[in-house]
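This report describes a protein chain, going from helix packing to the sheet and then to single backbone positions. The structure is shown first.

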Amino acid sequence: MSASLDIVSVGMVTAVGLDGPSSCAAMRARLNGFQETHFQESPDARLTGAPVPLPRNWIGEKRMAHLAAGAISEAFEAVPQARGQTALILCLPEEDRPGRPLRDNSALLRRIGDIIQLAPHDHSRIVAHGRPSGHAAFDHARRLLASGEVSYVMIAGVDSYLTAATITHYLMGGRLLTAGNSDGFIPGEAAAAVLCTRPNSGSFQLFGLGLAREAASIYNKEDLPLRASGMTSAYDAAFQETGIDMSRLGYRISDLVGEQYWFKQAALVTLRLLRGRHEFQDLWSPAESLGNIGAAVVPLMVGMAWTAARKGYAAGNPVLIEASSDAGACGAALFGSRTAA
């Protein structure tokens, strides 16, 4: 099967680096950006988070715009001819997430455009589904590129869990990692961008993609047992497009934000799909260095894999990139070199 799009450049702004190369080097070295924040986990202790060390202390929408603009600008630096002929798909946190650091999605899109001096594009759009937003964005991007209406698509994600209302909500729900709760996540923030074009002779390509929904989500009210049916379906769809099975995977990158639920989901998918003889398949996660970075995670994981492939330290070929949301949305996508499919 021919690839549906090529990845030509990436950009990142994270707690461990203000560009892609430094962020990827830090994550490869298992460094992290965890530090005490000004939020209190208890009257006597401050909460650990992973903030981005920006040169100015912007907050809210302005902070999100500068994070995203930094990642997008970096991706454009490598392919300057893409400016002016690129549709932007912006991945954002869920609309109903408490403490969401944005009020107006369209205003954020315009503000980013002003910062990076990028004119509005008719095919630009917003995908606000949290962590798996990037999978929906790649699905839209490949269709847009196949239509011939655009030459390039920039998929960018930006998010932050470091707002007072968000921290309060997840602390009250017992979801954050604290001294008294080991089954929680570290709130983080980040932005990442991936520049895509039509399949040509690129060395890193999207081969297959699957989207599904898990009925037994982390918040499911029926208390259904987790069998990872949603993520298994997403994997299956990606494999069917690619024409391979899980035994031929090189490695995986997952948004394992820290809670047991997500590790159990990843393990169940392996038990359900991995059959026969196979090589060791490593499992990477940016959360080990960045905490939970929400809607930025899929573009960032693709950037990790793209950088690893270019620099020769990838743990195999192809790579499967997965993400899922608290509401049960699941996405899986296969990337790699042309020889992988």
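How are α2 and α3 oriented to each other?

## Basis of the model

The model is predicted: local features need pLDDT of at least 70 and side-chain atom pairs count only at pLDDT 80 or more, whereas totals for chains, interfaces and linings use all residues. Residues are numbered from 1 along each chain as its sequence is written, and side-chain values use heavy atoms, with hydrogens and water left out.

## Helices α2 and α3

Helix α2 (residues 60-78) packs against helix α3 (residues 105-116) at an angle of about 50°, and their axes are 9 Å apart. Helices are DSSP runs of H or I with at least four residues, strands are runs of E with at least two, and both are numbered from the N terminus. Axes are lines fitted to C-alpha atoms, for helices over the stretch in contact, and angles run from 0 to 180 degrees between N-to-C directions. α2 and α3 are therefore oblique to each other (under 35 degrees counts as roughly parallel, over 145 as roughly antiparallel, 65 to 115 as roughly perpendicular and the rest as oblique).

On the α2 side, E61, K62, M64, A65, H66, A68, A69, I72 and S73 meet A107, L108, R111, I112, I115 and I116 of α3, contact meaning heavy atoms within 4.5 Å. This contact of α2 with α3 comprises 10 nonpolar, 2 polar and 3 charged residues. Ala, Val, Leu, Ile, Met, Phe, Trp, Tyr, Cys and Pro count as nonpolar, Asp, Glu, Lys and Arg as charged, and the others, Gly among them, as polar.

## Helices α6 and α7

Helix α6 (residues 229-242) and helix α7 (residues 260-273) have axes that come within 9 Å and cross at roughly 55°. α6 and α7 are therefore oblique to each other, and their crossing is right-handed.

In α6, the residues S229, M231, T232, Y235, D236 and F239 meet Q265, V269, R272 and L273 of α7. The contact of α6 with α7 divides into 5 nonpolar, 3 polar and 2 charged residues.

## The sheet

An open sheet of 10 strands has the order β5-β4-β6-β7-β1-β8-β12-β11-β9-β10, with mixed pairing; strands pair if DSSP finds at least two bridges between them. β5 (125-127) and β10 (282-284) stand at the edges with a single partner strand each, so one side of each has no neighbour in the sheet. Neighbouring strands are turned by 25° against each other on average, direction ignored.

Strands β1 (residues 5-13) and β8 (residues 205-213) run antiparallel and are joined by 2 bridges; L5 has L206 of β8 as its bridge partner. Helix α9 (residues 297-311) packs on the sheet and touches several strands, including β1, β6 (152-160) and β12 (329-336), and its direction makes about 110° with that of β1. β8 and β12 also run antiparallel, with 8 bridges, and G208 stands opposite L334 in β12.

## Annotated span

An unreviewed UniProt entry carries the annotation "domain: Beta-ketoacyl synthase-like N-terminal" for residues 133-196. The end C-alpha atoms of residues 133-196 lie 16 Å apart, and the span is 38% helix and 27% strand.

## Backbone exceptions

Most residues other than glycine have a negative phi, and most peptide bonds are trans. Q117, not a glycine, has a positive phi of about 55°; Q117 is in the loop between α3 and β5. N317 and P318 are joined by a cis peptide bond with omega about 5°, and P318 is in the loop between α9 and β11.

Notes:
A crossing is left-handed if the near helix is turned anticlockwise from the far one by less than a right angle, and right-handed if clockwise. UniProt positions are given in the numbering used here, feature names are shortened, and annotations may be inferred rather than shown by experiment.
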